Amino acid sequence: MSDPLDAYSRTVSSVAAELQPKVAGVRAGRGSGSAVVFTADGFLLTNAHVVGSSRSGSVAFADGSAGGFVLVGRDPLSDLAVIRAQGATPEPAVLGDSDALVVGQLVVAVGNPLGLAGSVTAGVVSGLGRSLPVGGRLIEDVIQTDAALNPGNSGGALADSSARVVGINTAVAGVGVGLAVPVNSTTRSIIAALIRDGRVRRAYLGLVTSPAPLPESLGERLGQRRALRVVEVVSGSPAARAGLRAGDLVVSAGRRPVGDAQSLQRLMFADAIGRPLPITVMRNGALVDVITEPVELLEWA
């Protein structure tokens, strides 16, 4: 029977061998970080805070090749940006699905911390659904890991044991606490919008929420276990005008069940702006229907 450490080492070294060539070091203005090649025609995914306000910069790969990049689009609210290398790039990494992650699962971080190209660390998923304050707003549904992250890891890959990129490392929250933007269906919508338009148009409701369990009897009747507790309603916002209140339990939005931050976020894109959005909440033991009308987020920036 093989030593479990050998199996662990083989897994981490396999992920490292697969991803190290595909993670670039990035320099943009005074900032630096990492980026992940994700298409065969030279598009890379990184953090918005890595590129900052720069429209161009340079990328360098583990094999010693280097060149320039141009900014395709950035989205500060998700802390994601897409850049395009102006020269040849390695084969792209495979994007995975963070929705399949579980707490305790092995993850591997690949990036360029402190300017050390192709550095690899490993750990586990410590938590899911965290919130990360960025520029006065919150990035929701962030992955927490204990894989060691240092300055320069931002924009690098967080991968599962099959070398699928499930997150983009974004911050170090403290000793042993690293955070990554999840790669999931919402992220893919953001990436598509950045490539197509250079920015992401978002709808805004003005709700601050937190996942919460539904009462057992209601959960059985609705066929769902969780909802979103309204922690705060921003004064004067569409949610406030619709009559939503702190303490409400959001059960559905747009006639779809709402059980986590992402299920509401995926509705908050351009096609929801200015259109009626029905929301059902549980309030004082009863289900209450309200109609909201999201506005474009730029009005509240």
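Modeller: Helices (H or I, at least four residues) and strands (E, at least two) are DSSP runs, numbered from the N terminus. This is a predicted model, where local features need pLDDT of at least 70, side-chain atom pairs count only at pLDDT 80 or more, and totals for chains, interfaces and linings use all residues. Residues are numbered from 1 along each chain as its sequence is written, and side-chain values use heavy atoms, with hydrogens and water left out.

Colleague: Is A163 buried or exposed?

Modeller: A163 is buried, since its relative accessible area is 9%. Buried means under 20%, exposed over 50%, and partly exposed in between (1.4 Å probe, protein chains only).

Colleague: Which other non-glycine residue has a positive phi?

Modeller: N284 is one of them, with phi near 55°. N284 is in the loop between β19 (277-283) and β20 (286-292).

Colleague: Buried or exposed, that N284?

Modeller: Exposed, because the relative accessibility of N284 comes to 77%.

Colleague: Switching to strands. How do β4 and β5 pair?

Modeller: Antiparallel, over five bridges, with β4 covering residues 56-60 and β5 covering residues 66-75. Two strands pair if DSSP finds at least two bridges between them.

Colleague: What stands opposite G57?

Modeller: F69, over in β5.

Colleague: And what's in the turn?

Modeller: β4 and β5 make a hairpin that has five residues between the strands. In that turn, G64 has a positive phi of about 95°.

Colleague: Then which way does β6 run against β5, and how many bridges join them?

Modeller: β5 and β6 (residues 80-85) run antiparallel, and six bridges join them.

Colleague: New topic: where is N169 found?

Modeller: In strand β12, which spans residues 164-174. N169 is buried, because its relative accessible area is 1%.

Colleague: What does N169 touch?

Modeller: Leaving out residues up to four places away in sequence, the contacts (heavy atoms within 4.5 Å) of N169 are N47, A109, V110, L149, N153, S154, G155, G156, A157, L158, L179 and A180.

Colleague: Last one, L214. Where is L214 found?

Modeller: L214 is in a loop too, the one between β15 and α4 (216-222).

Colleague: Why does L214 count as buried?

Modeller: Because the relative accessibility of L214 is 9%.

Colleague: What does L214 touch, then?

Modeller: With residues up to four places away in sequence again not counted, L214 touches G219, L222, Q224, R225, R226, A227, L249 and V251.

Colleague: How far apart are L214 and R225?

Modeller: In sequence, L214 and R225 are eleven residues apart, and in space they are 5.5 Å apart, C-alpha to C-alpha.
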